[in-house]
Amino acid sequence: MSIGVCYFPEHWPAERWETDVREMADAGIEYVRMGEFAWGRIEPERGEFAFGWLDEALDLVDEYGMEAVLCTPTATPPKWLVDEHPDVRQREMDGTPREWGSRRFTCVNSPTYRAETGRIVRRLTERYADHPAVVGWQTDNEFGCHDTVTCYCEDCSEAFSAWLAERYDSVEDLNEAWGTAFWSQQYEGFERVEPPGPTPAAHHPTRLLEYERFSNDSVAEYNRLHADLIREANDDWLVTHNFVGEISLDAYRLAGDLDFLSWDSYPTGFVQDRQPEPATADQLRAGNPDQVSMNHDLQRGASDGPFWVMEQQPGDVNWPPRSPQPADGAMRLWAHQAVAHGADAVVYFRWRRCRQGQEQYHAGLRRQDGSPDRGYHEAATAADELFDLGPVDAPVAVVHDYESLWATEQQPHAPEWDYWHHLRTYYDALRARGLQVDVVSPRADLDGYDAVVAPTLHLVDDALVAALADYVESGGSLLLGARTGEKDRSNQLHDSLAPGPLSSLAGLRVERHETLPERLDTRLEYGGSTHEFRTWASWLDPDEGTELGSYRGGAADGSPAVVRNAVGGGTATYCGCWPDDALVDALMTDLLDDAGVDYTDRLPEGVRVMRRDGYCWVLNFTSDRVQVAGADEDRFVLGGPTVEAVDLAVIDAPERALDLDVRTA
């Protein structure tokens, strides 16, 4: 298990570099990430390369016994390149070009920019192919950040037409699959299908969905260009990319070209811009553990193995609406949380607070004068505490589908609908019961899981239905959530009532659905108790299935809301609404009981238990002390039965993890 740091030697005088690198080594840092935004420093004029500064920095990293992860610097091309080729810039939907002077403004479908990318990546990788410090590369930086997955330039228009021509046998097939007879939207040729632009009413939903697919495929193809050139220079190098949590970039599409996935974790920022409810005081100081954990598990699931945190928040950050100082202990706690979820390295961003540019208000492990900040001491502590571990073994999978995310966001049917938040309703309930969870794609092999939760499989086809049916018939326990099975892969409603081809497995039909504001009745009865739900309600008509819950009040009064169906050796349960916390907990515990999965009592808010390779972590993200009972004191590797605020304990007793009694002291 390794701790690393992101370093920008080009921001500092050369005479300071050795001091910085020595202090990194003294802190126990093993990896140094460099070069991600340095194209202008590496090539200040076309064809005039200045590698000496990077050579010197890499030699120092090697001298002090650390290893380097270099980055292809294509997220920030130099001014001279954009002046020569202004066509490489992305364009907004209305045609406005995205200007030089920031980052992530170039188009991955620009033939010019692809050629320039190949040139700089080839030159860099050949230069450092044999350098002893360089162990691998990060491709580009944060694909899709700042809403940059989609571009609407002429190059994208031509590429989209070509992409469609490969996907459909004829334009007539496209018209049939999309249903372009609606509003006279037929196309006479693939070249007539352009990127969506400004329009007074909504665009055709299938056109929007296909443009998202095309755009994501384009990013994946561009990433492959980097990865292929890196491996061509040195096939022993590791290759990764640093994803951003909860955006529309499909990580699964890129995963096949990477050795593992990485992501950038900023817990106190994410609670302000990635969750609909206001952040609590504890979350503003230590983050929402389930929100961060789900992103850890998504990277692990997409990698099908270990992942890295390539940027870990080191203190206050510059980009959220507000930036309270993290609580003492948070930076250490976040490192342990990542490792407990399967990370093999945690890399803090950044080494020193920068004196200039857009990130002056972003903390580093060291302050701008070089003196240590709180994050430095906590990173050093974490580096001393972490140890090598095997993989995470999760008994439950949550199925996450980017295409269903895009489709439901394009037609949310209620302003409150949020795919990520709905997914996390189920994920959080599992984490609150002490379970490790894999977040997987709809194409994942489900055979090894005791229970599977698919909150919103909006788009289903026969292949997906067959895979889910095989899982259930073989003895699996499956839970399907609201809006599942509404449409086919072309984003059209099925000929039959929802859940379409899943109806036989679920044992029901969706009679009708509605979306509801809070002022209307949103109650149902399940398990003898009355619960609340929100936003979405499907009225279910059981066929082979058994009603387990029904709506109370409102137009749906008495209509089934939850149905379970026995199929082969397993069961499929369909929940037609977006459940509240108490209802989803009841659904989860019933599912786990059905699957024979052990779980804890419901953990206190902000306190989580997790297991990896023979060890159990108790992580406290709150300002309260918690007490842990059920583990022998001599089995504590770190900490003890009393876990202070924003602190942790590690227990060498995995078999007891689900028997622990964790309570607020």
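Predicted model: local features only at pLDDT ≥ 70, side-chain atom pairs only at ≥ 80, totals over all residues.

Residues are numbered from 1 along each chain as its sequence is written, and side-chain values use heavy atoms, with hydrogens and water left out.

**Stop 1: a negative patch**

Select Glu18, Glu56, Asp59, Asp62 and Glu63, which gather in a patch of negative charge on the surface. A patch here takes residues with over 30% relative accessible area and no salt bridge, with like charges joined within 9 Å. Asp and Glu count as negative, Lys and Arg as positive, and His and the chain ends are not counted. For distances, a charge sits at NZ of Lys, CZ of Arg, CG of Asp or CD of Glu.

Which helix gives the most to the negative patch? Colour helix α3 (residues 52-63), which supplies four residues. Helices are DSSP runs of H or I with at least four residues, strands are E runs of at least two, and both are numbered from the N terminus. Glu56 is in helix α3 and is partly exposed, at 38% relative accessible area. On this scale buried means under 20%, exposed over 50% and partly exposed in between, with a 1.4 Å probe and protein chains only.

**Stop 2: salt bridges**

The structure holds 44 salt bridges, each one a side-chain nitrogen of Lys or Arg within 4 Å of a carboxyl oxygen of Asp or Glu. Side chains of opposite charge can pair when their charged atoms come close.

Is Glu43 buried or exposed? Glu43 is buried, at 0% relative accessible area, while Arg119 is partly exposed at 25%.

Next, show Arg16 and Glu23, which meet in a salt bridge at 3.4 Å, N to O. Glu23 is buried, with a relative accessible area of 15%.

Now go to helix α4 (residues 79-84), where Lys79 and Asp83 lie four residues apart, about one turn of the helix. Their salt bridge has its closest N and O atoms 2.8 Å apart. Lys79 is partly exposed at 38%, and Asp83 also counts as partly exposed at 49%.

**Stop 3: the backbone**

Most residues other than glycine have a negative phi, and most peptide bonds are trans. Here are some exceptions.

- Phe349 and Arg350 are joined by a cis peptide bond, omega about 15°; Arg350 is in the loop between β9 (343-348) and α14 (374-385).
- Ala498 and Pro499 are joined by a cis peptide bond, omega about 5°; Pro499 lies in the loop between β13 (477-480) and α18 (503-506).
- Asn491 has a positive phi near 70°. Asn491 lies in the loop between β13 and α18 and is buried at 4% relative accessibility.
- Val646 has a positive phi of about 50°. Look for Val646 in the loop between β25 (642-643) and β26 (647-651), where it is buried at 10%.

How values were computed. Patch = residues over 30% accessible without salt bridge, like charges linked within 9 Å, V, L, I, M, F, W, Y side chains within 5 Å. Areas by Shrake-Rupley, 256 points an atom, 1.4 Å probe, with all protein chains shown as cover.
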